[in-house]
Amino acid sequence: MRILRAKWILACDENFKILKEGAIVFDKKIIEVCTFASAARRYPQAEILDFGGDIAMPAFINPHVHLEFSANKGTLRYGDFLDWLGSVIASRQQLDAAARGRLIAEQIAAMMRSGVGTIGEISSFGGEAEACAQSGIRTVFFNEILGASKDVAAENISKFKERFERAKALASSLFISAVSVHSPYSTHPQITEFATKFARENGLAISTHFMESAYERQWLRTGRGKFKTWLAKFNPTPAPFYSPQSFVAHFSGLRTLFTHCVWVDDFSIFDPKLHSITHCARSNRLLSKKRLSFKKLLASGLNYNIATDGLSSNFSLSFLDELRANLMMHDELGLIELARVLILGATRNAAAALGLNLGELRAGKLADIAVFEGIECDEAQLPLQLILQSKNAKSLFIEGMKCNF
């Protein structure tokens, strides 16, 4: 048992409680959050980790990243979604082959240095599974499936099952298998039906890309536009498989992370009890002309979370950099309110989206804790200044164990 002492404790609970001169009593799970004086009196035999004037909070959760693209530096094209997508298809196998071992470990370490204790890894090929499992970071490993032709459905399902079993063999409390359906424009209904049924039968979280571009919205609504021309390269008579509503309906009753959703007009199509929106601000800026409306998202009552996406559509996996980018891009909310919204999206909300017992500092939650260097400011400014001023985490604990990164 240990007592972590810090000047400020950000509980990241529903009320965004901030405790001054606080302490976290923990082993693998959090036993109590209280004042340091109370903790020292109640647990006299505990080891004391004294972080003086620093800030302790739940470790960040990055629920959507593509480590398979960690080798990308200038290969992929930005500025237009279809231009980017064409460059991904042309280069994905080459980039995946280059993203192995050391490079994956370096990017995971970069996330851990920025205070991330859990990632949601979206995996098309599975080659990064062992690196994730050995890294010390908690990984929800989303085995991805896609295929726009009914003719390849059986083959793609078979390959998915093989990859899933390989990943499942690595299972631990820090490596959790899940499922990803790529997108409505790339996944035949037969494959989507298989994937959602598989997730239901096995009690798995599921993720999907949705409404990332104006091209996708026009395609799903009308079957026309530049997406039709682009898809004609692969199918002489392309037609949309779904409407926006019918695609979302496939995920009924499933804990689902819908990633991007920049071009969603009506958030009422989602289930507020099980569905969440994963927002990747820098990725959306590089590939789309529109920003997600945080004000509209918050008004919907849906759960939301913050992610970096992969280096396929970003230039850094530092989670602190991502939070700062969100602060600069979203002007619909005041800075202090937005900082709290972002931190909750990166902790409590993301844990709920993934179905994990963490993301808050309270008794019974897993002891995933990030410590950041102290900042001289008042309590009201603390969440904002933490995002603005922090460059790296000072210390990181996952399930109560101190991480080396």
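Figure 1. At 5% relative accessibility, tyrosine 242 counts as buried, because the cut-off for buried is under 20% relative accessible area. The model shown here is predicted. Tyrosine 242 forms an aromatic pair with phenylalanine 241. The pair is edge-to-face, with 6.0 Å centre to centre and 80° between the planes. Phenylalanine 241 is partly exposed, at 30% relative accessibility.

Figure 2. A pair of aromatic rings is described by the distance of the centres and the angle of the planes. For phenylalanine 251 and phenylalanine 258, the centres are 5.4 Å apart and the planes meet at 75°, so this pair is edge-to-face. Both of these phenylalanines are buried. Ring pairs join Phe251 and Phe258 to Phe210, Phe241, Tyr242, Phe247, Phe267 and Phe270 in a cluster. The structure as a whole holds 24 aromatic pairs.

**Figure 3. Helix H7 and its cover.** Helix H7 spans residues 214-222. Its buried residues are Tyr215, Glu216, Arg217, Trp219 and Leu220. Among the elements that cover them are helix H2 (81-98) and strand S10 (206-210). Helix H8 (226-231) and helix H9 (244-249) also belong to this cover.

**Figure 4. The eight-stranded sheet.** The strands run in the order S6-S7-S8-S9-S10-S11-S12-S13 and form an open sheet. Their pairing is parallel. Strand S6 (60-65) and strand S13 (303-306) are the edges. Each has a single partner strand, so one side of each lacks a neighbour in the sheet. From one strand to the next, the twist averages 25°.

Figure 5. Strand S12 (residues 275-279) and S13 run parallel and are joined by four bridges. Histidine 279 has isoleucine 306 of S13 as its bridge partner. Helix H12 (residues 319-329) lies across S12 and S13, and also across S6 and strand S7 (116-123). H12 runs at about 85° to S6.

**Figure 6. Aspartate 309 in the S13-H12 loop.** The loop between S13 and H12 contains aspartate 309. Aspartate 309 is not a glycine, yet has a positive phi of about 60°. Its relative accessible area is 3%, which means that aspartate 309 is buried.

**Figure 7. Cysteine 12 in the S1-S2 loop.** Cysteine 12 lies in the loop between strand S1 (2-10) and strand S2 (18-26). Its phi is near 55°, a positive value in a residue other than glycine. Cysteine 12 counts as buried, at 0% relative accessibility.

**Figure 8. Two arginines over phenylalanine rings.** Arginine 5 lies over the face of phenylalanine 36. The distance to the ring centre is 4.2 Å. Arginine 282 places its charged end over the ring of phenylalanine 315, 4.7 Å from the centre.

Figure 9. An unreviewed UniProt entry carries the annotation "domain: Amidohydrolase-related" for residues 55-400. In the predicted model, this span is 40% helix and 17% strand. The end C-alpha atoms of residues 55-400 lie 17 Å apart.

Note on methods. Residues are numbered from 1 along each chain as its sequence is written. This is a predicted model: local features need pLDDT of at least 70, side-chain atom pairs count only at pLDDT 80 or more; totals for chains, interfaces and linings use all residues. Side-chain values use heavy atoms; hydrogens and water are left out. UniProt positions are given in the numbering used here, feature names are shortened, and annotations may be inferred rather than shown by experiment. Helices (H or I, at least four residues) and strands (E, at least two) are DSSP runs, numbered from the N terminus. Two strands pair if DSSP finds at least two bridges between them. Axes are lines fitted to C-alpha atoms, for helices over the stretch in contact, and angles run from 0 to 180 degrees between N-to-C directions. Contact means heavy atoms within 4.5 Å. Rings of Phe, Tyr and Trp (its six-membered ring) pair if their centres lie within 6.5 Å; planes under 30 degrees apart count as stacked, over 60 as edge-to-face and the rest as tilted. Buried means under 20% relative accessible area, exposed over 50%, partly exposed in between (1.4 Å probe, protein chains only). A charge sits over a ring if NZ of Lys or CZ of Arg is within 6 Å of the ring centre and within 35 degrees of the ring normal.
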